[in-house]
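Trainee: I would like to learn how to read a structure, one feature at a time. Could we begin with a single residue and build up from there?

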Amino acid sequence: MGQSVLITSGKGGTGKTSLTAGISTCLCALGKRVVCVDADVGLRNLDIALGMSERSAFDFMDVINDPGRIGDALMAHAGIPNLRLLPAPTGLSPSDVPHEAFKTLIQRLADASDYVFVDGPAGLSDGFELAAGACESAIVVASPDYLAIRDASRASQMLAKHSPVWLVLNRVRPKLVRMRYAANMDDAMDSIGLPLLGIVPEDEIVMAATSRGVPVILAASTGAAVSYLNIAKRFMGIRVPLERIKVWKIGS
Ligand code: ADP
Ligand code: MG
């Protein structure tokens with residue numbers, strides 16, 4: 001049976017969707033079967049980050065209403081074998097989704113894959129509860145700015161029942177860390193109280209690849225692409241040292 005993993009942060013814009021796409025595509029490159037579930041109900045965009053924005057006819061609410069539709073709703077990635085996406089419904093709010101049925105759906109997907117990554121929404125209310133309640137483990141994504149760290153710390157406190165829970169620091173800009181405008185890794189880990197799964201540099205390729213509809217791992221072999229691959233390896237239990245971040249094109 002596979003593992004269900006919530007990707008969350010508290011604060012919006014920290015890179016949850018980008019990390020969901022990055023870690024999922026890398027795990028597939030490492031031979032794993034991955035299902036990505038967009039749980040950002042009403043504001044879905046994981047399809048864009050995965051380069052799968054061709055219009056999908058079905059979403060997870062269709063599967064909750066008719067479990068027989070699962071085969072129609074799961075979209076296979078054209079360029080990455082073993083990667084499938086289940087989109088979020090638009091035009092609904094998280095309170096319209098029956099939480100138990102969503103949890104059952106995630107368990108069913110986990111039964112038939114190695115990992116299910118659930119891309120959570122911003123905030124810690126309804127949508128967070130829906131996504132968190134369906135997953136057994138979690139990754140908290142924070143940028144190293146102090147606002148994001150405080151929100152990540154709140155998110156981490158709300159994940160007491162999840163195990164394991166990891167931290168990923170995203171959009172790391174060494175210059176800002178050196179100038180103490182951003183937290184360093186130790187401060188971030190201490191404040192949030194979670195073990196570090198990896199760091200991802202601020203890297204133009206993340207936005208550039210998304211705008212071209214290409215997953216980062218297929219668009220580059222440096223910077224964020226290396227970080228995503230190392231995060232995926234550590235997630236599988238492979239020991240990989242933290243990379244030294246050299247790519248910081250924006251604002252360097
Ligand atoms: P969230 O899902 O947490 O709201 P996104 O993954 O949508 O965040 O990312 C927000 C924006 O930041 C997007 O434009 C994305 O391309 C950009 N972004 C995410 N991670 C990085 C990174 N490491 N370097 C540069 N831009 C990034
Ligand atoms: Mg998002």
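Mentor: Let us start with Phe117, which counts as buried because its relative accessibility is 0%; buried means under 20% relative accessible area, exposed over 50%, and partly exposed in between, with a 1.4 Å probe and protein chains only. Before going on, note that this is a predicted model, in which local features need pLDDT of at least 70 and side-chain atom pairs count only at pLDDT 80 or more, while totals for chains, interfaces and linings use all residues. Residues are numbered from 1 along each chain as its sequence is written, chains are lettered from A and ligands numbered from 1 in the order in which they are written, and side-chain values use heavy atoms, leaving out hydrogens and water.

Trainee: How many aromatic pairs are there, and how do I read one?

Mentor: A pair of aromatic rings is described by the distance of the centres and the angle of the planes. Rings of Phe, Tyr and Trp (its six-membered ring) pair if their centres lie within 6.5 Å, and planes under 30 degrees apart count as stacked, over 60 as edge-to-face and the rest as tilted. By this rule there are four aromatic pairs. One of them joins Phe117 and Phe235, whose ring centres are 5.6 Å apart and whose planes stand at 50 degrees, so the pair is tilted. Phe117 belongs to strand E5 (residues 115-119) and Phe235 to helix H12 (residues 224-235), so the pair ties together parts that are 118 residues apart in sequence. Helices (H or I, at least four residues) and strands (E, at least two) are DSSP runs, numbered from the N terminus. Phe235, at 11% relative accessibility, also counts as buried, and together with Tyr115 and Phe117 it forms one aromatic cluster.

Trainee: Which residues come nearest to ligand 1?

Mentor: A residue is near a molecule if one of its heavy atoms lies within 4 Å of it. Of the 14 residues around ligand 1, Lys16, Thr17, Ser18, Arg171 and Asp203 come nearest. A polar side-chain atom of Lys16 lies 2.8 Å from an oxygen atom of ligand 1, and one of Ser18 lies 2.6 Å from an oxygen atom of ligand 1.

Technical notes. A polar contact is a pair of N or O atoms within 3.5 Å; within protein, one must be able to donate a hydrogen and the other to accept it, and residues adjacent in sequence count only if both atoms are side-chain atoms.
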